[in-house]
Every structure is written in structure tokens, then in C-alpha cells.
Amino acid sequence: MRKLLGAAALSALAGCAVGPDFHRPDAPTTTYGPGGLARTSGSEAKKGLPSNQDAPQLLAMGKDIPADWWTLFHYPELDQLLKRVLARSPTLEAAKLALQAAQQDKKATESALYPSVSGFYNPARFKTSRAYSNVPIANSWLYTIHTAQLNISYSPDIWGGVRRQIESAAAEREAQRNQLEAAWLTLTSSTVDAAISYAMTRAQIETTEALVADQERTLKASLAEQALGAMSGADVAMQRTLLAQTRATLPPLRQTLATLHDEIAALSNDMPDAPTPEFELDRFVLPGVLPVSVPAQLISQRPDIRTSEAYFHAACAQVGVAIANRLPNIQLGFDPGFAAATIAQMATPGYGQWTLGAMLTQPIFDGFQLQHQEQAARKRYEEAAAQYRATIVSAVQDVADSLSAVHTDADALIQSAAAEHESDRSAQIMQAQLRLGDVSQVALLNVQEARLQTMLTLIQARAARLSDTVGLFQSLGGGWWNRVDDPAAAVPGGAKAAASARPAAGSAGNG
């Protein structure tokens, strides 16, 4: 017993804890794909699309991401919308409260390191049988006892089980903080995407309405030619069908616009009757330089990777907790107090009492419950490790897909712009031929219809390129580590923890 207590004392003084110590896994040394290009396709012409949306984009590897990355689109109304969304979002508020709750849970766990002190006062009236009284005529079988006592107990954290539990709670708090950053990133990305989609849908409606007006003029001209015998009824029927098909595309577009309006209002914590900024596609400026974090930086920046790492850490600490539960434990107790017939006697010497004791406990047989709990904790540790590796693979794939989309949709935009340019040129040639009498009005209107169709495709390509830029910022983590208004600063002890958790700007492996 002396050897056991001595070993326990040395272990407590040394501050060690049973179970594996958590070490952050090494950062991946991979790349985002073979033969990556540092520059996307684009038009260098001065007469490009509005806001230079067809210009090439430079991919700056290792460059840091600003916290307010949406300001790179240079759209003041978008900036104001984001301020409103971030200030009013109940989703973000709920995530902040969850972080504060996790911080309090950690502090509650830390209380196990301190002694527990409780007190009680118990006045009691007793009646004893006369058969037990030494002086029956003195009425001594009726008496009162006032008892006041403190209960002080302390369990030394010999094996570090409590410290492992605190370590796990701290990791859970870190996971909750990263979930807050994930909510912030999702909220900002969804808002910018909704604004771009709203502007695209508006442009599609305007172009489609122009297309309907053009087809109505075509039908009118076709009816006139039919009256003169220059066009068959079948050709006129085809024009009517084309017009009806184009008109049928307007209601879904208007429904989409209304849905996007409601989505933006909901993101701002507004009702559907709240006004929405009339975003215009032409006013979005395409960022010319796109910062791209290397994979070694990604693990410190992506909230989902950091959340998975925190759960990995918590699972590691729980192994130590499970091991400590199977080892001997010491309970120290001290119970000082007073017991007297009256309250006044408690201040008189001789009525004090105390109990001092120590208890050593060791699980002997519990149906192998603690053993199975330890094995389960180890399996959860291995599960968390596998999930962490899967999260990294998914994150790298996400960035690779975003980079591929940036390149591919840049090429698609150039092709769509070229098609729109050629269709415009064809319309100009047809107008010249019409003035010379070489073609009919119907032929010219058909060419103009084709041009408007290419315009719709071009609108989608422009919006896709803007959305690809949003997707890249989102896949890289969104620059939350550069924010000044740290949401964790409102949490007791959160500002210091958050500062130590922030990755260094432009550096790898910090966190």
C-alpha cells in the first residue's frame, strides 16, 4: 500500500496523465492537381464585358485571403447587405451561444481539480425512552441537539483522468468555435451567391422579355407575308410555337427571382415583404487576383478540417479518461463541526468535533464494463482519426474542383462571348442586306432571335464565373482568421484561445 500511494503521489507531482498524448497530424504534401495553371483564360481586349468580367484571373499561390473577401467584387450594396446579414443572422447568434455554452462546460469540468466544500446545519429534537434514562425524574429523555458541520472532500488527480477530461472539453470548445466559423463562412458565401443568382435571373428575364418582343415582331411580319402568299401556314405555325415556348420560360424565371428575394430576406432575418437590393450583373467586378492557399495552409484555415481535428483531439483525451477510471482512486475527507444542546454552546470550547479520513478504491469486478468502455474509447479515437483524414481529402478535392471550375468556366465565358459577338456581327450583316433588299424582314428577325439566345448563354457564363470565384474563396476557408471582430472575444477566455488558434497569415502549419 505504501508503494502504491508513493507511486500515486509521484505521478500527481509529475503532472503526467495516462493515455495517448495528442499530436497534430502532419500537413499533406500533395498538390491540387497535375499541371495547374497560374492564370485563367481571358480577353485582353479593351472592349470587354462590363466590369471586366471576361478578363483573365491570376492565381496567387500562398497569398492570404482577406476576411471581407466579398469586397473584392466592388459592389457597395453587396457590402451593406453582408453587414446586415452578419449583424442580424439568428444562425450566427445560435452558433455564438453554443460556443459560450461550450466554454462554460469546460470551466465546469475544471472544477473537479479543486476540493469540494459543503456545509449543513441540523437542529433536531429527540425523545428517549425512560428505560434508558439514568435520571428519570429529571425529564432527561427529551433533549435537543444542534449540529453544524462542513464536509470537505478532495480527490487527487493521480492518473490525470480529470486533466484528460478537461483536455477533451477544451477540444469540444474548439470544435464549437470552428463550427461558428463554418456558419460564418456558409452565411457569407450563401449571401454572395444569392446576390449573383438574383442579378443573373434579372438579366435573364430582361433578355427573355426582349426575345419575346422580337418574336412577336417576327410573327407579325410572318402573318403579313402569309397574307401576301410569300409564307406558308406551316412556317407561321412554327413562329407561333417558338413564341409560345419562349413565353413559357418567363414564369419559372420570375418564380426563381421571387425565391431568391425570399432567400436574401431570410438570410438578413427579414420577412419576405422586405425590399431586396436590385442587384445588376454588370456592376459586379471580377477579382483579378485570386489567392490560393497551399494544402499545408488549408488544414489551418478550413473550419471543417479544424472541427474534425478538434473532435480527433477530444477522442484522444477520452482514451485517457477511460484508462484512469480503471485505476485505483484516493478520496480524502475532512468534516469539522459542532454539536451542542443550544446554539450558544457552539461558541463554547469542548463542543467541536471533526472527522479526518482517506479512502482508497479500486474497481475489482464490474462485469467488464470499464474494460469495454476503454476499448470503445480507443475505437472512437481510431474512428476520429479516419474521419479527420477523410475530411482533409474532401477539402483538397473541394479546392481542386473550385480551381478546375475557375479555369473551365473562364474558357466557357470566352467561347460564349465569342458566339455572342459573331451573332451580333451576323445581325449587322443581315441588316445591311435587308437595306439592299437581299433578304426578308423575317430572316433578319430570326438572326436577332439567335443573338438573344446567345446572350442568355453569355449571362449564365458570366454568373458562373462570378460564382466560381465565390466557391474558391469558400473552399479555402474564407479568411476568417483575418477578422477583427472575433466572435469568440465575447466568451470568457475565448479571445486568448482564439488568438492562439488563428493561423498565421500566409504561413503553413500554424493553428
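In which loop does Phe-368 lie? In this predicted model, Phe-368 is placed in the loop between strand 6 (352–361) and helix 9 (369–436). The phi angle of Phe-368 is near 65 degrees, a positive value in a residue other than glycine, and with a relative accessibility of 47% Phe-368 counts as partly exposed. A positive phi in a residue other than glycine is also found at His-74, where the angle is near 50 degrees. His-74 belongs to the loop between strand 1 (58–61) and helix 2 (76–88), and because its relative accessibility is 53%, above the 50% cut-off, His-74 counts as exposed.

The protein chain as a whole is made up of 511 residues, of which 41% count as buried, and it contains 11 helices and 6 strands. Among the contacts in the chain with a separation of 6 or more, 82% are accounted for by residues 24 or more positions apart. The average pLDDT of the chain is 84, and 85% of the residues score at least 70. Two stretches in which the confidence stays under 50 call for separate mention. Over residues 7–14 pLDDT stays under 50, and the model has 5 contacts beyond four places in sequence for this stretch; over residues 505–511 pLDDT likewise stays under 50, and here the model has 22 contacts beyond four places in sequence.

Helix 4 (residues 161–227) takes part in several helix pairs. With helix 3 (residues 90–110), helix 4 packs at an angle of about 170 degrees, the two axes being 9 Å apart. Since angles over 145 degrees count as roughly antiparallel, helix 3 is therefore roughly antiparallel to helix 4. On the side of helix 3, the residues that meet helix 4 include Leu-92, Ala-95, Leu-99, Ala-102 and Lys-106, while those of helix 4 that meet helix 3 include Ile-166, Ala-169, Arg-173, Leu-180 and Trp-184. Sorted by class, the contact of helix 3 with helix 4 comprises 13 nonpolar, 4 polar and 5 charged residues.

The pairing of helix 4 with helix 8 (residues 303–324) brings the axes within 8 Å of each other, at a crossing of roughly 165 degrees. This angle makes helix 4 roughly antiparallel to helix 8. The crossing, in which helix 4 passes helix 8, is left-handed, and the residues of the contact divide into 11 nonpolar, 9 polar and 6 charged.

Ile-264 lies in helix 6 and, because its relative accessible area of 2% falls under the 20% cut-off, is buried. Apart from neighbours within four places in sequence, Ile-264 is in contact with Leu-81, Ala-194, Ala-195, Tyr-198, Thr-276 and Phe-279. Ile-264 and one of these residues, Ala-195, are 69 residues apart in sequence, and their C-alpha atoms are 7.6 Å apart in space. Ala-266 is likewise found in helix 6, but with a relative accessible area of 49% this residue is partly exposed. Between Ala-266 and Ser-89, which are 177 residues apart along the chain, the C-alpha atoms are separated by 8.6 Å.

Among the strand residues, Ser-153 is found in strand 3 (residues 142–154) and is partly exposed, with a relative accessible area of 25%. When residues up to four places away in sequence are not counted, Ser-153 touches Pro-115, Ser-116, Gln-331, Leu-332 and Gly-333. Ser-153 and Leu-356 are 203 residues apart in sequence, with a C-alpha to C-alpha distance of 9.9 Å in space.

Terms used:
Residues are numbered from 1 along each chain as its sequence is written. This is a predicted model: local features need pLDDT of at least 70, side-chain atom pairs count only at pLDDT 80 or more; totals for chains, interfaces and linings use all residues. Side-chain values use heavy atoms; hydrogens and water are left out. pLDDT is the predictor's confidence in each residue, from 0 to 100. Contact means heavy atoms within 4.5 Å. Axes are lines fitted to C-alpha atoms, for helices over the stretch in contact, and angles run from 0 to 180 degrees between N-to-C directions. Helices (H or I, at least four residues) and strands (E, at least two) are DSSP runs, numbered from the N terminus. Angles under 35 degrees count as roughly parallel, over 145 as roughly antiparallel, 65 to 115 as roughly perpendicular and the rest as oblique. Ala, Val, Leu, Ile, Met, Phe, Trp, Tyr, Cys and Pro count as nonpolar, Asp, Glu, Lys and Arg as charged, and the others, Gly among them, as polar. Buried means under 20% relative accessible area, exposed over 50%, partly exposed in between (1.4 Å probe, protein chains only). A crossing is left-handed if the near helix is turned anticlockwise from the far one by less than a right angle, and right-handed if clockwise.
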